[in-house]
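Please look over the structure shown below before reading on.

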Amino acid sequence: MVEQQFTVTDKAGIHARPAAMLVSVANKFVADVNLDYGGKNVNLKSILGVMSLGIGFGETFKLNANGADAQDAVNELAKTLKTEGLAE
Amino acid sequence: MSLLKGIAASSGIAIAKAYCLVEPDLSFSKKMIEDSATEVARFQSALAISKSELEAIRDVAEKELGVDDAAIFNAHVLVLTDPELIGPIEEKIKTDQVNAEFALKETTDMFITMFEQMDNEYMQERAADIRDVTKRVLSHLLDVKMVSPSMISEEVIVIAEDLTPSDTAQLNRQFVKGFTTDIGGRTSHSAIMARSLEIPAVVGTQESTKLIQDGDLVIVDGLNGEIHINPSAEVVADYESKQEQFEQQKVEWAKLVNEKTMTADGHQVELAANIGTPEDLVGVVNNGGEGVGLYRTEFLYMGRDKLPTEEEQFEAYKKVLQGMEGKPVVVRTLDIGGDKELSYLQLPEEMNPFLGFRAIRLCLEEQEIFRTQLRALLRASTFGNLKIMFPMIATLGEFRQAKAILEEEKQALLAAGTAIADHIEVGIMVEIPSTAVQADVFAKEVDFFSIGTNDLIQYTFAADRMNERVSYLYQPYNPAILRLVKMVIDAAHKEGKWAGMCGEMAGDEIAVPLLIGLGLDEFSMSATSILPARTQIKKLKKSDMVELVNEALQMGTAEEVVEAVKARTGL
């Protein structure tokens, strides 16, 4: 399993637009990707799941991935989070 | 045939089939099914159609609004492919042996409830997104026609209860020839949009959605505020000739595009336009605007999920300043609050939003938002003739504080080596009576005034302009308003400053003669009102209008004023 921790740097937090972006990226990979936040673990390929967490500015969350391209998936998601100014 | 009356909100005549933008009936009952495989297939096909429709909407929105604003439709598409939503629905159909409609509703209701219960207004609004998407799938399962402004593909007249900003943004301008709404007045959002899109519109008809059926032939007379439903051939012919006359009149007006605005006795004024986005500049140029008298920057902040960056704002301001090629552009700083909400700011609900935490009040409190906008404006200032205007100023203290913040940002940018225009006029909107009565004091410190009549009228008469029961108190011609306007103009002139007006009143044919008489320097209005106003002003003599307004100021009621204007100008 590949795991990485992030802290939200976008003042508005992770909602619809960024959530859609993350889900679109996750969908490109076969690996199962999950987002771990506040004791909940949601499927990163589910926009409703990601939005339902309502992760705000300054909060930390973990991504974990399982499967053949798990490492690539996490790398690409980390890159998206950073270039979009969402989390680091 | 029948005739409906409403408020003429945007001039012109449109004749086309009705497109009723009303909620379809999506009721159904729970059914037990035998063949769950067929039911799942039925569900999947409804999903697939919905998905391709949403993708089409997203593509149109991307073209019309840009990728960022269209992102919300992308989220809608993703909802339709969400494994956490689709999986449970299919599971329910199979294990509970229920119809797809029921399984869909049960499952999405669970998510809707979850989002509604979150203690964050933005997330609560996402419940509406799920509801939207659910409705679309349901409509295909039930085989009911789904209406959406983005789906219009032939020439129509849109019939709606009201049009929201997002409805109007999705309207296909090529096909929408006109529209009618049940609610709203001349200053409602949809009316303002209709004028900037140059589409004939009649609003406040109260029952157009009840009386007009999809496909009915409809005439929208935006000049007289009338709607004809399934008119006789004679009436259609009559309106076709009226339409032609209107087009001819437009040709006449167009001859004045490059002319100055001068009264018959040689007094010159400036006719500028009110705009909401850089795209509106085309209308300003085509209609001979001598400047932008009001650039409502809040559209940059609306219909999105976060604040616009300094860079995004800079690009928009630069585009407007460059587009006006050195002509004056008055940019109003963020005027949000009241009826204009930004979900992502999560402002608490207020008892009296129009009297509450809005416009400059919000900017002085949330200074980072304000400073970002001011920096973007200052940086853009070298691309044209920028004037900055603060909205909702109630006290001199507020103006001084706003100006001090502007000065701080200016010094910081200069220190960093950023180029800024040498002289940027800084003025205020006069829309609160406290400011109007103290205009002589303000005039010593501001560079200009722009009178915002929509709010000034509602605050002067203490009557909410959105409340139809007190709409009779929206009285622009009342001598009380004329006196306030006079105080502001006189105070500006005494200090060698200029006074403009950017409310609805500035383009109103009854008000224009009075404002000429009062000595207003700049009139800012919907772009389409400019040429008719210029035509009118060329026929007026300033000296006569001074006499007229002096009489009007002594009158008792608005009705008397209107009579006097009509008698003297032959309107």
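Helices (H or I, at least four residues) and strands (E, at least two) are DSSP runs, numbered from the N terminus. This is a predicted model, in which local features need pLDDT of at least 70 and side-chain atom pairs count only at pLDDT 80 or more, while totals for chains, interfaces and linings use all residues. Residues are numbered from 1 along each chain as its sequence is written, chains are lettered from A and ligands numbered from 1 in the order in which they are written, and side-chain values use heavy atoms, with hydrogens and water left out.

Start in the loop between β8 and α9 of chain B, where Asn230(B) is placed. Asn230(B) is not a glycine, yet its phi is positive, about 40 degrees. Most residues other than glycine have a negative phi. With a relative accessible area of 37%, Asn230(B) is partly exposed (buried means under 20% relative accessible area, exposed over 50%, partly exposed in between, with a 1.4 Å probe and protein chains only). Glu325(B) is another non-glycine residue with a positive phi, about 45 degrees. The loop that holds Glu325(B) runs between α11 (310-323) and β12 (328-332) of chain B, and Glu325(B) is exposed, at a relative accessible area of 70%.

Next comes helix α9 (residues 233-254) of chain B. Its 22 residues should span 32 Å at 1.5 Å a residue, and the end C-alpha atoms are 31 Å apart, which agrees (the expected span is 1.5 Å times one less than the number of residues). Which residues of α9(B) are buried? They are Val235(B), Val236(B), Tyr239(B), Phe246(B) and Trp253(B). These residues lie on the same side of α9(B), because they cover an arc of only 95 degrees around the axis (the arc is that of the directions from the helix axis to the C-beta atoms). An α-helix has 3.6 residues a turn, so residues three or four places apart point the same way. On the other side of α9(B), the exposed residues are Ala233(B), Glu234(B), Glu244(B), Gln245(B) and Val251(B). The cover over the buried residues of α9(B) includes β3 (13-20), β7 (217-221), β8 (226-229) and α20 (527-539) of chain B.

The loop between β17 (522-525) and α20 of chain B contains Ser526(B). Ser526(B) is buried, with a relative accessible area of 13%. Apart from neighbours within four places in sequence, Ser526(B) is in contact with Arg195(B) and Asn274(B) (contact means heavy atoms within 4.5 Å).

On a 1 Å grid over the protein atoms alone, a cavity is a set of points where a 1.4 Å probe fits but cannot get out, and a pocket is an open set with protein on both sides within 12 Å along at least five of seven lines; lining residues have an atom within 4 Å of a point. Grid points are joined across faces, edges and corners, and a volume is the space filled by probe spheres set on the points.

The count is three cavities of 30 Å³ or more. The largest cavity holds about 50 Å³ of space, and among the residues closest to its centre are Leu80(B) and Val137(B). α5(B) gives the largest share of this lining, four residues.

The second largest pocket has a volume of about 740 Å³. Its lining has 26 residues, with Asp10(A), Lys11(A), Ala12(A), Lys306(B) and Leu307(B) nearest the centre. The largest share of that lining, three residues, comes from α13(B).
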